[in-house]
Amino acid sequence: MSQMPQPPQLSACPTCDEPPQSGDRYCDRCGADLSAAAAAAAEASADRPVPPQLSGAVRATRPEPDPEDDYELAAPATGGQGQAADPRAAGSLGTDGTAPPAGPAPETGASTHTGAAPGADGAAGTGAGSGTGTGTGTGTGADPRLPGGEPGPRCAACQEGTIGQDGFCERCGHAQGRERDHVESELEGIAAATDRGLRHHRNEDAFSVSTAELPDGSPVVVAVVCDGVSSATRPDDASAAAAHAANEALMASLPHGAHPQQAMNEAIVAAAEAVNSLAVETDGPASHPEQQRHQNAPACTIVSAVVTSDILTVGWVGDSRAYWVPDDRTAPPARLTEDDSWAAQMVAAGLMSEAEAYADERAHAITGWLGADAYELEPHTASYKPDRPGVVVVCTDGLWNYAESAEEMARAVPPDARARPLNSAQVLVGHALGGGGHDNVTVAVVPFPAAPGRAGSA
């Protein structure tokens with residue numbers, strides 16, 4: 001996940017003494033603005049040299065993970081209604097290192113979580129889209145009280161304190177699991193999963209998956225995956241807003257006969273507008289677009305796939321990716337997207353090999369993103385007509401960092417991925433966690449060709 005240059009970090013929040021994490025602009029506990037308190041330190045470091053940039057704005061490189069930033073949260077209980085096994089918990093993983101689905105299998109065409117639409121309070125929404133999809137959270141909520149005033153769940157760390165509205169134990173202060181820490185969703189012919197990872201204190205990724213019918217009655221399947229820029233404000237809200245807006249746009253245009261590439265382009269524009277609106281909410285209505293470019297506006301990347309019975313279309317901005325993995329593993333897999341990143345520009349210019357560019361500390365500096373501080377929006381779209389069945393893997397860099405080439409991704413994808421997309425999504429999340437889980441990880445597995453089924457949205 002790419003980041004912007006950061007001012008010197010405070011050792012503790014001036015309001016509640018909570019130690020801030022690397023890249024935080026606001027206190028995770030009380031919401032205090034940390035950037036104002038660090039202004040003096042920022043002035044002292046103003047003369048620090050900036051890495052060279054190519055054309056366009058560049059969000060700065062990702063720092064190496066700090067061992068002190070390792071939030072080993074205890075898993076939510078697996079026996080309660082609406083709770084899912086946390087893949088970080090001992091004993092909650094299957095034999096292949098993936099998290100088994102919690103509770104009874106969802107009805108065909110229903111989703112286990114909507115996970116994309118931001119609610120009025122900025123949290124992930126619990127309902128979205130048209131069709132038969134239904135939304136239910138898969139993690140523990142932050143509300144410390146149950147109906148009737150009964151105490152809510154106990155702290156997973158000390159087992160004594162109750163959980164406050166800020167998501168922390170009121171006795172020992174330990175952070176609790178959040179609804180977006182681990183989310184899975186499955187519809188007929190598509191599945192997706194997202195996980196907070198092992199080194200981040202929250203999940204800033206989001207996804208949305210949907211199915212519908214084209215005017216001729218043939219099926220169409222949509223997957224949208226977004227990765228919040230962690231060094232920006234409200235990255236989790238940015239990714240959620242973008243995933244929801246893009247999905248809504250695609251579901252509004254494709255069933256009415258829109259060309260997939262045109263629909264994809266319009267969906268990315270709609271996602272960008274949704275993220276831009278968050279900057280207005282954050283900075284006030286008087287904030288001018290030119291001023292927003294100099295502020296740390298909410299931002300995210302996006303990648304989306306539309307699959308029909310004979311064509312697949314991808315669209316993206318940033319460094320989230322889509323891969324093609326055929327059922328016949330003797331046939332070559334392929335990467336379907338090109339990153340908007342420093343490394344990709346260096347390779348395209350012939351200045352470095354791909355191995356050299358991605359080994360550089362500036363490799364993950366993105367040159368394109370959704371957000372009010374982006375200089376211009378340039379959606380990328382492409383359509384393909386595969387000559388054989390397979391799956392499209394749509395993912396954030398939290399996964400492809402552990403399977404970068406198309407060949408590596410194909411080896412990580414189970415051979416029965418087209419028949420069992422949810423299991424494959426779980427396996428791929430487990431692959432990233434097993435590799436270190438240094439970032440949030442999100443993946444959607446979309447079988448090609450699209451299989452007929454009931455329309456839904458998640």
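Which residue takes a positive phi in the hairpin of β3 and β4? In this hairpin, which has five residues between the strands, the residue concerned is G217, with a positive phi near 90°. The model is predicted, so that local features need pLDDT of at least 70 and side-chain atom pairs count only at pLDDT 80 or more, whereas totals for chains, interfaces and linings use all residues. Residues are numbered from 1 along each chain as its sequence is written, and side-chain values use heavy atoms, with hydrogens and water left out.

Helices (H or I, at least four residues) and strands (E, at least two) are DSSP runs, numbered from the N terminus; two strands are paired if DSSP finds at least two bridges between them. Strand β4 spans residues 219-228. On one side, β4 is joined to strand β3 (residues 205-213) by nine bridges in an antiparallel arrangement, and A206 has C226 of β4 as its bridge partner. Strand β4 also pairs with strand β5 (residues 299-307), again in the antiparallel sense, over eight bridges; here D227 is partnered by T301 of β5.Ten of the ten residues of β4 are buried, where buried denotes under 20% relative accessible area, exposed over 50%, and partly exposed in between (1.4 Å probe, protein chains only). P219, V221, A223, V225 and D227 point one way from this strand, while V220, V222, V224, C226 and G228 point the other way.

Helix α4 (residues 260-283) contains L278. This leucine is buried, with a relative accessible area of 6%. Leaving aside neighbours within four places in sequence, L278 is in contact (heavy atoms within 4.5 Å) with R234, D237, A238, A241 and P298. The C-alpha atoms of L278 and A238 are separated by 7.2 Å, although the two residues are 40 apart along the chain.

A nonpolar core is defined as a set of buried Ala, Val, Leu, Ile, Met, Phe, Trp, Tyr and Cys residues joined through side-chain atoms within 4.5 Å. The largest such core has 32 residues, and V393, L399, M409, V413, L428 and V443 have the most contacts inside it. Elements giving two or more residues to this core include β7 (321-326), β11 (390-395), α9 (406-412), α10 (421-434) and β12 (441-448). The largest share, five residues, comes from α10. Not counting residues up to four places away in sequence, V443 touches A191, A192, A193, V393, V394, C395, L399, A425, L428 and V429. Another core, of 31 residues, lies apart from the largest one, and A206, V222, V275 and L370 are among its members.
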